[in-house]
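I opened my notebook to look up a few local features of this structure. The entries follow in the order I made them.

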Amino acid sequence: MTWDEAHGAVSRAFNDWRTTDAENRAFLKLTAQWSAEAYERQWKQAEDALSEVFDPEVHYGDEHVDMFDDSVGGLWPFSHQWMVEASVLKNGVTAFEVYLEKAAQEVIKGWSVTVDGKPGPHLLRLKTPKGFTSPGWKTLVTAHTVLGSAVATPDVEWARDLRHLLTHQNGELRDDEAVEKFRNAEAEDAADFLHDARVGGRVHLGVERVVGVLDNLASVVRHADVAVHAYVWGAKRRKVPLNELHAAKCLELVAE
């Protein structure tokens, strides 16, 4: 059985990832749509509220701006949209890493070994640092390299670095290197507000850039799952490279 997404010939890990990826894309689209409608409605309410009490002797005519600002807690549409885009991008990168872990675990699931001097067979799992519940990035990359796919592509590494910037620095560009690495002049020019990349400023995202990241990650997942599926369901299911994974320090033993 060969890998075939259209007919469901994929790994279980791929099915899980595909659901999460679809939810991320729907969240990006629907939240933008719904928030635009809600913000427009809130703006209209502020205008109507001012009209009801307007006194030319007292009001300047733009007090509805402050009323709107108060009603949304200072979260204007462009900031709300940025938060949505950042959330989707971070979730997308995390879902990608979760796929890599679950897919590699799926390949070695059920395999056991007997160790001299230790009673009973031992199950295999991906090597996980002490105190953690998931393998490190290097282990995931190495395991999938042994299985036959390159997952640490330049696009993936860039996306993970951007996720780090969003997660640990709230998107703040703290030096010229970060500005150069993450700026998107085309997206900045198309933005409906002034936002040039600068040290101390926040990285510009944009729907097109976020979707592009999701697409790049999806391409790597699909490529990796061809190899994974072959070991789980396909022609290589009895030929899992356990020795190679062990030699690459990707495996550890768990007592049954």
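**Entry 1: a pocket**

I looked up which residues line the second largest pocket of this predicted model. I found Thr94, Glu97, Val98, Glu101, Pro129, Phe132, Ser134, Pro135, Gly136, Trp137, Leu140 and Arg160. I noted about 200 Å³ for the space in this pocket.

Next I asked which helices each supply at least two residues of the lining. They are H3 (77–108) and H4 (137–147). H3 gives the most, with four residues. I then sorted the lining by class. Six residues are nonpolar, three are polar and three are charged.

**Entry 2: salt bridges**

How many salt bridges does the structure hold? I noted eleven. Side chains of opposite charge can pair when their charged atoms come close. I wrote up three of these pairs.

I began with Arg18 and Glu5, whose side chains meet at 3.4 Å, N to O. This pair links distant parts of the chain. Arg18 sits in helix H1 (residues 12–53), and Glu5 belongs to the segment before H1, 13 residues apart. Arg18 counts as partly exposed because its relative accessibility is 26%. I also found a network of salt bridges that links Glu5, Arg18 and Arg222.

My next pair was Asp21 and Arg25, with a salt bridge of 2.9 Å, N to O. Both are in helix H1, four residues apart, so about one helical turn separates them. Is Asp21 buried or exposed? Asp21 counts as buried, because its relative accessibility is 11%. Arg25, at 25%, counts as partly exposed.

Then I turned to Glu252 and Arg125. The closest N and O atoms of their salt bridge are 2.7 Å apart. Glu252 lies in strand S3 and Arg125 in strand S2 (residues 121–126), so the bridge ties together parts 127 residues apart in sequence. Glu252 is buried at 17% relative accessibility. Arg125 is partly exposed at 38%.

**Entry 3: positive phi**

Most residues other than glycine have a negative phi. I looked up two residues with positive values.

Asn170 has a phi near 50°. Where is Asn170 placed? I found Asn170 in the loop between helix H5 (154–169) and helix H6 (176–182). Its relative accessibility is 51%, so Asn170 counts as exposed.

Lys249 has a phi of about 60°, also positive, and is not a glycine. I placed Lys249 in the loop between helix H9 (242–247) and strand S3 (251–255). At 64% relative accessibility, Lys249 counts as exposed.

How values were computed
Residues numbered from 1 in each chain as written. Predicted model: local features only at pLDDT ≥ 70, side-chain atom pairs only at ≥ 80, totals over all residues. Heavy atoms only, no water. Buried < 20%, exposed > 50% of the residue type's maximum accessible area, 1.4 Å probe, protein only. 1 Å grid on protein atoms, 1.4 Å probe; cavity = no way out; pocket = protein on both sides within 12 Å on 5 of 7 lines; lining within 4 Å. Points joined across faces, edges and corners; volume = space filled by probe spheres on them. Nonpolar A, V, L, I, M, F, W, Y, C, P; charged D, E, K, R; others polar. Salt bridge = Lys/Arg side-chain N within 4 Å of Asp/Glu carboxyl O.
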